[in-house]
Structures are given as structure tokens and as C-alpha cells.
Amino acid sequence: MEKALVPLVLTLKVAGLATLVSFVAGVTLAALMTRFRFWGREFLDAVLTLPLVLPPTVLGYYLIVLMGRNGWIGRWFYETFGITLMFTWQGAVVAASLVSLPLVFKGARTAFEGVDSNLEKAARTLGQRELAVFFKVSFPLAWRGILAGAMLAFARAMGEFGATLMVAGNLPGKTQTLSLAVYAAVQAGDDRFAAVLVAITSLVCILVLLLSGKVLKSQYLREVER
Amino acid sequence: MRGKFRLKLLVCCCILALAGAFAQQTEAKQEELIVSAAASLTDVFQEMGSAFEMAHPGIRVVFNFAASGALLQQIHRGAPVDVFAPADQKSMDRALEKGLLRAGTRRNFASNRLVLVTPGRATSSIEDLQELTKEEIAWVSIGNPETVPAGWYAKQIVILEGLWETLQPKLIFAESVRQVLDYLNRGEVDAGFVYETDAAISAGKVKLVAVLDQGEAILYPFAALAASRKQDLAQRFMEFVTSEEGRTILATHGFGNP
């Protein structure tokens with residue numbers, strides 16, 4: 001049981017940080033893309049959505065080629081700062097952020113586009129600056145859609161397997177998240193431990209779903225009452 | 001007009017899908033032999049399969065390459081495999097204990113050696129196993145000893161040299177010996193344990209440091225599986241591997257006689 005605690009804590013840490021990263025990046029990108037029209041906008045949208053449809057192994061390959069110790073970006077990073085993402089939990093965070101980004105981004109973009117632009121215009125006529133319009137009007141109105149996207153992103157980050165295995169490896173106690181630990185236990189024929197891990201994972205996922213349902217519902221009720 | 005075009009497109013897609021399904025069906029008429037083999041046998045067995053298919057028209061050999069431990073688990077859980085060829089005696093012994101083998105078919109067909117290698121473009125240079133403790137060696141890749149025979153062999157030797165505890169923080173476990181090789185090829189690790197035959201494939205990309213033959217001899221066994229319905233075919237394949245032609249193929253890939 002205690003042996004299962006290490007991958008559980010690591011998984012929550014990685015998924016939590018990955019959700020944070022994809023939340024900030026996804027919401028910012030979605031807000032900018034709703035606000036500004038520029039050449040190649042839909043192409044950028046497609047690129048940002050790509051991790052959702054690409055096999056995780058393809059993403060893992062891209063990450064190794066870019067971020068590896070001999071990768072295009074990774075080599076410079078390693079030679080300058082002496083650090084690399086390969087075989088570290090930070091590498092797992094990068095992989096999980098990448099796969100969960102489209103879920104936040106898509107949710108946020110749809111939510112922002114659903115905001116009545118008259119309300120934003122009204123705020124501007126009242127002398128509010130662009131940033132204030134965003135934080136006082138657009139963001140609060142789009143919040144529900146963004147939150148739904150972030151919940152899905154967290155669940156996706158928790159279950160990330162392919163890209164993580166390729167970039168962060170499967171190092172017990174270091175980068176071995178729940179999904180990787182289940183894989184390792186089954187491969188080694190340790191069915192008992194696999195069963196414990198599977199039960200824990202299922203339990204955590206059910207909790208996340210229940211919690212998100214509750215948060216979204218109470219948010220909705222508050223809005224209806226208003 | 002657009003609707004008509006869409007309809008045409010849909011019809012075309014359906015026809016293509018049907019054609020694909022039929023093509024597969026005709027292929028299925030060939031007899032198939034499924035061989036689960038150690039990852040280190042990937043290249044040599046692919047060539048072996050082609051040669052066997054040439055000699056036996058109408059038969060298709062399908063390979064499933066992975067770490068021997070993982071293959072054993074698949075077979076134990078009922079994977080429809082005809083021949084099992086792991087890289088160690090331990091996996092085969094376990095298969096025997098579980099009653100998965102057909103009695104009397106087990107046999108050793110090749111031998112190999114474990115080597116320590118570094119990436120070819122490595123700036124650091126080490127000359128033997130003991131030097132893995134040097135500070136400039138940050139990461140050493142090894143197959144997961146639980147499932148990968150190459151990793152298990154390596155672990156035994158490292159323990160024998162009294163380095164297991166010291167090296168522990170540097171070890172990067174891989175899912176198969178070929179993943180270790182890939183990490184080395186890309187220069188993502190500073191050293192790694194692979195078989196001599198793997199190192200030969202990546203000659204130029206990896207540098208041989210030392211041959212590690214202080215551990216137990218590495219012998220590849222194979223056997224037909226009790227649950228297989230193609231005992232005849234399995235037997236013929238195993239005979240082919242141990243035949244003159246089979247031995248030549250094994251030798252050109254650097255495998256020794258058992």
C-alpha cells in the first residue's frame with residue numbers, strides 16, 4: 001500500500017502542475033485568438049489542437065527530438081544551464097501539459113466566443129481598459145466553460161502514458177506515475193500490486209469527476225439565481 | 001450539387017473500406033505462425049522469417065518482439081502464440097513451471113554476450129565498468145531487470161562488482177534492450193548495457209567499452225507452446241532456425257552457437 005503512495009503523490013503533482021501550465025497557456029492563447037484576427041489564425045488553432053488527435057508516441061518523438069539532450073532546443077539548454085528534461089519529473093510535466101493543452105484551449109475559445117460582445121463593448125464605453133474588460137467581463141462570463149476544460153485537462157494529464165514514457169522514462173520513485181506503475185506491474189506479472197494501483201487510480205478519477213460535477217453545478221445554480 | 005459530391009465521396013469511402021476488408025480476408029487464407037521473440041532477436045528473426053517464408057510458400061511468420069518478461073506475461077494470459085524465444089533461461093523456466101511449454105521441444109539455439117557501451121559522440125570516456133562511478137557519467141541505461149533479460153544479466157554483473165548501490169541513482173530503466181540502444185544512439189544517456197549483437201547494429205553510433213562475460217552464459221532457448229494448434233509448423237520453424245541456413249543467418253548477425 002505504501003509502495004503505491006509514491007506514484008500517487010507524483011501523479012497528483014505532475015497532473016496538477018501540468019493543468020496549471022495548460023490553464024495559463026490555454027486561456028491566454030484562447031483570449032488572444034478571440035480578441036484579434038490575424039493571418040493564419042485557424043492554422044494556429046489547428047496546431048494547438050493537434051496534441052488531442054496525434055498519438056502520444058508522435059508527441060513523445062517530437063519532444064525527444066526538440067528537448068532531448070541532443071535535441072534542437074535541448075542541446076542548447078543542456079550546454080548553457082546543464083539541465084535537461086529527459087528522465088525527470090519536470091519532463092513528465094511538459095509531456096502532460098502538451099497533451100492537456102488542447103482541452104483547456106478549445107474549451108476556453110468556445111467559452112470566450114460565447115460571451116456577448118455587447119457586454120465587452122459596454123465596459124469599454126465606460127472607460128475600462130482592455131485588461132480590465134478581460135478580467136471583469138469576459139473571463140467571469142466564460143469561467144464555466146474554462147473550468148470544464150481544465151477538469152478534463154487534469155484527468156487527461158493524470159492518464160498520460162505514451163509521451164511520458166518516452167521523455168521521462170519509467171523510473172520508480174522518480175518519474176513513475178500511476179499509469180506507468182500499472183504498466184510496469186502488469187509486465188512484471190505482479191498482479192496484486194497492479195490491482196492496488198488500478199483501484200487507487202479509479203478511485204481518484206471518480207473523486208475528480210464527482211468534485212468537478214459539484215463545482216460546475218453550484219456555479220451554475222449561482223448563475224441561475226442571479 | 002454539393003450534396004451529390006458528398007454522396008459520391010461516401011460511396012467511394014465505403015468501397016475502399018470493403019476492398020480493404022476483402023484484401024485482409026484473402027491474406028488470412030495463408031497459414032500464420034506467431035513467434036514471440038526477445039527484442040534483441042528483432043533483426044535476425046525478421047531475416048529468418050523471410051528466409052523461412054521463401055522455403056515454405058503459403059506460410060506467413062508473424063513476430064511479436066518485446067522484453068522476454070513481458071512476452072511471458074502475454075503468453076501466461078492466453079496470447080495465441082506458437083513459438084516462444086526469450087533471451088534467458090529464467091523466463092523459459094517460468095513458462096515451464098506454469099505448464100505453458102510443449103514437452104520435449106525446448107532447446108537452446110544461440111548465444112550472445114553482454115557489453116558496456118557509450119554513445120559514439122560522447123565527450124567523456126570510460127574504460128571499464130568501475131569507471132561508471134565517475135562524476136561525468138550522469139546516466140546509465142539498463143533494461144528493467146524485472147522484465148528485460150539484458151537488464152537482469154547486467155544487474156547480476158554490477159552486483160558482482162559491488163557497484164549496484166553506488167550506481168542506483170544513475171540508472172535509467174528501459175522497457176527492452178532496444179530502448180537502451182535507442183537512448184544510446186540519441187546520446188541521451190552516458191552509458192548503457194546491451195548485447196554485443198545490438199551494439200553491432202549501431203556500430204558508429206555507439207562505442208564499445210567492455211565485454212562483460214563474468215556473469216552466467218547468455219543462451220537463447222526456444223520452445224513450442226502447449227496451447228498452440230500449429231505444432232507441426234512450429235516444429236518446422238524451429239528446425240529451420242537450427243539448420244545450416246538458419247545458423248548462417250544467426251552467425252551473420254553476430255550470434256554464437258549455444
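Trainee: Why are helix 1 of chain A and helix 5 of chain A called oblique to each other?

Mentor: Helix 1 (residues 2–35) of chain A packs on helix 5 (residues 89–113) of chain A at an angle of about 40°. Angles under 35 degrees count as roughly parallel, over 145 as roughly antiparallel, 65 to 115 as roughly perpendicular, and the rest as oblique. Helix 1 and helix 5 of chain A are therefore oblique to each other. Their axes, which are lines fitted to C-alpha atoms over the stretch in contact, lie 6 Å apart. Keep in mind that this is a predicted model, where local features need pLDDT of at least 70, side-chain atom pairs count only at pLDDT 80 or more, and totals for chains, interfaces and linings use all residues. Residues are numbered from 1 along each chain as its sequence is written, and chains are lettered from A and ligands numbered from 1 in the order in which they are written.

Trainee: What handedness does the crossing of helix 1 of chain A and helix 5 of chain A have?

Mentor: Helix 1 of chain A passes helix 5 of chain A in a right-handed crossing. Nonpolar covers Ala, Val, Leu, Ile, Met, Phe, Trp, Tyr, Cys and Pro; charged covers Asp, Glu, Lys and Arg; the others, Gly among them, are polar.

Trainee: At what angle do helix 1 of chain A and helix 7 of chain A pack?

Mentor: About 145°, with the axes of helix 1 and helix 7 (residues 130–159) of chain A 9 Å apart. This crossing is right-handed too. On the helix 1 side of chain A, the contact includes Val14(A), Ala18(A) and Phe23(A), while helix 7 of chain A brings residues including Phe134(A), Ala150(A) and Phe154(A). Being in contact takes C-beta atoms, placed from the backbone, within 7 Å. The contact of helix 1 with helix 7 of chain A divides into 13 nonpolar, three polar and no charged residues.

Trainee: How many helices and strands does chain A have?

Mentor: Ten helices and zero strands. Helices are DSSP runs of H or I with at least four residues, and strands are E runs of at least two.

Trainee: Over in chain B, why is helix 3 described as largely enclosed?

Mentor: Seven of the nine residues of helix 3 of chain B are buried, so the rest of the structure largely encloses this helix. Buried asks for 20 or more other C-beta atoms within 10 Å of a residue's own; 12 or fewer is exposed, and in between is partly exposed. Among the buried residues of helix 3 of chain B are Leu71(B), Leu72(B) and Ile75(B). The elements they pack against include helix 9 (178–187) of chain A and strand 1 (31–38) of chain B.

Trainee: Which residue with a positive phi follows helix 3 of chain B?

Mentor: Gly78(B), with phi near 100°.

Terms used
Contact = placed C-beta atoms within 7 Å. Axes fitted to C-alpha atoms, helices over the stretch in contact; angles between N-to-C directions. Left-handed = near helix turned anticlockwise from the far one by under 90°.
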